[in-house]
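Subject: Structure handover and notes

Dear colleague,

I am passing the structure below on to you, together with my notes on what was found in it. Please read the notes with the sequence and the coordinates open beside them.

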Amino acid sequence: MTARVRGNDYRVLASGEPFEPRLTVSVVVPAYGGQDKLDLVLAALARQTYPAELIEVIVVDNGSEPPLRLPAERPELTRLVRCERPGRAAARNAGLGAATGEVIHWLDSDVLLTPGAIEAHMRWHHAAPYLVVTGYLRFTEAPVPAELPSDLEAAFEPAEPHAWLVDLVERTDGLTDNAQRPFSLHVGGATSVNAALIKAAGPMDDDLVLGQDTELGYRLWQAGAVFVPEPAARGYHLGPTMRMRDKAPIDRVSHAFVADRIPAYRWLRGHPGRQWKVPYVTAVVSATTTGYDEVRATVDALLAGTVPDVSVLLVGPWDTLDHDRRAPLKDPSLDLVLIEGHYRHEGRVHLVTSASASASVDPAVPYTLHLPAGWIPGHDTLARLLDLARDEGLGLVNLLLDESSGGVVAARLERASAFARARIVAAAGENLDDVVDEVAGVLWADGATYGFTTEAEPPQGRRSAYKEKLAAQAEAARLAKEAERLRAQVAKWREEAGTWRKSAVELRREVGTLRRRIAAANRPQQDLRSLVSTTVKRAFRRTR
């Protein structure tokens, strides 16, 4: 039984246990010039502890002049191929096409691996067939030696780590804590991938100017990959990378292209209206068993929601429609004709037959929503469901829409990467939803709670939304002004209260003064009364 990893928590695989090497690995080294560094790279590969007969090295000369050559110190199974099309992606694809190994190990032509690096990679690949393992590179400014030193650490330290990679790993507990973008770990400097996984994901996109590593990493994630950072797989990069020297301009160029291809980079898709090559979610709606009005209510609500990054597959027998008809109002397929006519030119809606529906969902799309026609999501329904699935790391969210004696009506939000992983590890005949529950998690939720209804409301137009925004801004300005007035009133009352407190203190002082004066005025009268009383008493005693 294939080992099952939940999310990206590869720790259950326990790669530290002894293993018997049996898998072959093809190390693909694209190079353009730099013969002196390439010689050192191949010498380091010749000193690996992993069995030499299981290591194949493909050096891809990407149009160097003079052409590259293979040095004397190199692995026995080393070949040199030439790729005239410029670019790292084209060179790697050429190497990939020539590789025969069960594991592909990308390696830059200026990275010197420590002797146990490939063994550290391969230990993981023996544990599961769907892993992407990245080593830890250190960037050295030491001079390039004429020969490979016996002790790389002594020769190339001090050196700097791959700072952003280390930060990513530390922030996510080694990528095990529901990391949203573990595929960012796929860097070409020293990363290994199961060859079957690359076959499922496809080769590098050589149309990209930059960001090819990350884009392929994303497709590997979509194909079910688990990403493993391996600190024991160490290497020294001779000099800084281009990204370390020019991060800002590289990000500017890279982001311009990967935004179209990596929907997980949500911050690059801030535009509220444009379409992207790979949408964030595809909704599959059947137009076979319901009418035009029900289908339109569902599809229009999807297109008008707060997630514009959506495409819709309308499933129906479109190839059976007869467009040469004399009595269209009596056509038994009139509703299908209306649906087709209504959405034929909508760029986000695609008409597919039931036979091609599953193949029509782009495997690079992160989420697929299967929704019965006639059930209408609320304005923010899709966004809330996507937040739920992403935040909880779920592979499947089932939504109960209706339950009666006739059965259960439900919708499904599927995460493509979880289902791809489940298909890799599932046993023959095993229920795929159960496997998804193991590797990612499955949740049932109430459709009404998330805003599904059968009562259609006209979609809110952009101008209506704009007017509401202006009204909300005006109301906010009014409330802010009112709040400012009230703050001023409160300040005035506080000032008056302070004046009253001062007046009260002065009044208390005046009252005290008056009391003292009254007491002083009363003292002579008290003395006179006392004298009179004493005199009367004496006279009374004499008369006796």
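Which side chain of opposite charge is nearest to E230, and how far away is it? The model is a predicted one, and in it the nearest such side chain is that of R123, at 7.0 Å, so that E230, although buried, has no salt bridge, given that a salt bridge requires a side-chain nitrogen and a carboxyl oxygen within 4 Å. E230 belongs to strand β9, and its side chain does make a polar contact, at 2.6 Å, with the side chain of W124.

Salt bridges

Elsewhere charged side chains do pair, and the structure contains 32 salt bridges. One of them joins D108 to R92, with a distance of 3.0 Å from N to O; this pair links distant parts of the chain, since D108 sits in the loop between β4 (103-107) and β5 (111-113) while R92 sits in helix α2 (residues 88-98), 16 residues away. Both of these residues are buried. R92 also meets the side chain of D213 in a salt bridge, with N and O 2.4 Å apart, and here the link runs from helix α2 to helix α7 (residues 212-222), across 121 residues of sequence. D213, like R92, is buried.

The salt bridge between D391 and R390 has a closest N to O distance of 3.6 Å. D391 is partly exposed, with a relative accessible area of 47%, and R390 is likewise partly exposed, with a value of 26%. A network of salt bridges, finally, links D61, E65, R82 and E84.

Nonpolar cores

The largest nonpolar core comprises 62 residues, and those with the most contacts inside it are W106, Y130, L131, F183, L197, L220 and F227. Helix α2 supplies the largest share of this core, with 5 residues. Beyond its neighbours within four places in sequence, Y130 is in contact with residues that include T2, A3, R4 and V5, as well as L197, V226 and I424.

Leaving out residues up to four places away in sequence, L107 touches V27, V28, V29, P30, V41, L45, L113, G188, G189 and A190. Between L107 and G87, which are 20 residues apart in sequence, the C-alpha to C-alpha distance is 15 Å.

Helices with one buried face

In helix α5 (residues 163-171), the buried residues are L165, L168 and V169; seen down the helix axis they fall within an arc of 95°, and so they line one face of α5. A163, E170 and R171, on the other side of α5, are exposed. The cover over the buried residues of α5 includes β6 (131-140) and β9 (226-238), the latter being the strand in which E230 is found. Just after α5, D173 takes a positive phi of about 55°.

In helix α11 (residues 334-343), L336, V337, I339, E340 and Y343 are buried. Their directions from the axis of α11 span an arc of 160°, so these residues too line one face of the helix. Among the elements that cover them are α10 (292-303), β11 (310-315) and β12 (349-352).

In helix α15 (residues 432-439), the buried residues are V435, V436 and V439, and because they fall within an arc of 105° when seen down the axis, they line one face of α15. What covers them includes β14 (396-404), α14 (416-425) and β16 (442-446). At the start of α15, a side-chain oxygen of N431 comes to within 2.9 Å of the backbone nitrogen of D433, and after the helix comes G441, with a positive phi near 120°.

With kind regards

Note on methods. Residues numbered from 1 in each chain as written. Predicted model: local features only at pLDDT ≥ 70, side-chain atom pairs only at ≥ 80, totals over all residues. Heavy atoms only, no water. Buried < 20%, exposed > 50% of the residue type's maximum accessible area, 1.4 Å probe, protein only. Helix = DSSP H or I, 4+ residues; strand = E, 2+ residues; numbered from the N terminus. Arc of directions from axis to C-beta. Contact = heavy atoms within 4.5 Å. Core = buried A, V, L, I, M, F, W, Y, C linked by side-chain atoms within 4.5 Å. Lys, Arg positive; Asp, Glu negative; His and termini not counted. Polar contact = N/O pair within 3.5 Å; in protein donor to acceptor, adjacent residues only side chain to side chain.
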